[in-house]
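Please open the model in a viewer and keep the selection panel at hand. The stops below begin with charged pairs and then move on to strands, cores and loops.

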Amino acid sequence: MTRHRPRPARPRAALGPASRPRRPAHRPPARPRAAERTPRRLLLSTRSFIARPTTSGYDGIYVQLDGQPSAKLPLLLAAFQYRFEGDVEAMAQHLVDGVAVGWDELGTDLLAGAPPQVVTALTGGEQWPSRTLDHLITPDGSPPVRMTVTERTAADQDVQWGYVLRSEGIEVISVPHADAGPVIGWDTDPRTRFDHPAHWPAPTPSPLATSTHTARLPQTARAAASPRSRTAARR
């Protein structure tokens, strides 16, 4: 019987440069990431109130969020100058009288009528509505009561700042430190930079009290009196 010899294996051809897999000259550029959305403004639970003056002091309404002067003063000044067209009584009726319970926060609807450059400077292009506290649920299920703030109750309601809408401007009261404060004139540019409350000096009713643009004391006996000292602000 004839035996078949195994065919010798053919030697593999050497892999030359032309037969090697080529690497791309450069890697394709990475896919650009989607543009990150600008984070929403930081909301601070700094409690405050907005009030109208009375013969004994003021009568106001509670505001839950963003009560620091850097947030409230620009919004209130612009609202007075544009939306309410210089009518402080109409402004007080909307912000103080027309609220059933209280404000959660004040929104950009107060900037209606303001020039676009003012709105952008104050909001960074964002928009958010004013919100009230009508949705509160009480422990016994009864309807929530109006969260009124007066000069007699402010110290016990854990509010840090008060804004009294006077005829000459906004009186800014640092509630834990004083009963009265300087008045920021209505003609102040809303784009004025008002410092964070940590840098806002405790107001003292003195002729030397000033703000960046216009600040003057309320022409009342209450403003002329020395502020009553209080304990440190509650957290």
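A search of the whole structure finds 9 salt bridges, a salt bridge being a side-chain nitrogen of Lys or Arg within 4 Å of a carboxyl oxygen of Asp or Glu. This is a predicted model, in which local features need pLDDT of at least 70 and side-chain atom pairs count only at pLDDT 80 or more, whereas totals for chains, interfaces and linings use all residues. Residues are numbered from 1 along each chain as its sequence is written, and side-chain values use heavy atoms, with hydrogens and water left out.

**Salt bridges**

Select Arg 131 and Asp 104, whose side chains meet in a salt bridge (2.9 Å, N to O). The pair links distant parts of the chain, with Arg 131 in strand E4 (residues 131-132) and Asp 104 in strand E3 (residues 103-105), 27 residues apart. Strands (E, at least two residues) and helices (H or I, at least four) are DSSP runs numbered from the N terminus.

Next, select Glu 151 and Arg 152, a salt bridge whose closest N and O atoms are 3.0 Å apart; Arg 152 is exposed at 61% relative accessibility. Then select Arg 52, Glu 89 and Asp 97, which salt bridges with shared partners join into one network.

**Strand E1 and its neighbours**

Select E1 (residues 48-53), where 5 of 6 residues are buried. E1 runs antiparallel to E2, and 6 bridges join them; two strands pair if DSSP finds at least two bridges between them. The two strands form a hairpin with 4 residues between them. Within this pairing, Arg 52 has Asp 59 in E2 as its bridge partner. E1 also pairs with E6 in the parallel sense, over 4 bridges, and there Ile 50 stands opposite Tyr 163.

**The nonpolar cores**

Now select Ile 50, Leu 76, Met 91, Leu 95, Leu 106, Leu 165 and Ile 170, the residues with the most contacts inside the largest nonpolar core, which has 30 residues. Such a core is a set of buried Ala, Val, Leu, Ile, Met, Phe, Trp, Tyr and Cys residues joined through side-chain atoms within 4.5 Å. E2, H1, H2, E6 and strand E7 (169-174) each supply at least two of its residues, and H1 gives the most, with 7. Another core, of 12 residues, lies apart from it and includes Ala 51, Tyr 58, Val 101 and Val 175.

**Loops with positive phi**

Select Asp 66, in the loop between strand E2 (58-63) and helix H1 (69-83). Asp 66 has a positive phi of about 55° although it is not a glycine, and it is buried at 10% relative accessible area. Glu 85, in the loop between H1 and helix H2 (88-97), likewise has a positive phi, near 50°, but Glu 85 is exposed at 70%.

**Last stop**

Finish at Gln 160, in the loop between strand E5 (148-150) and strand E6 (161-165). Gln 160 is buried at 14%, and a polar atom of its side chain lies 3.3 Å from the backbone oxygen of Asp 158.

Terms used: Buried < 20%, exposed > 50% of the residue type's maximum accessible area, 1.4 Å probe, protein only. Polar contact = N/O pair within 3.5 Å; in protein donor to acceptor, adjacent residues only side chain to side chain.
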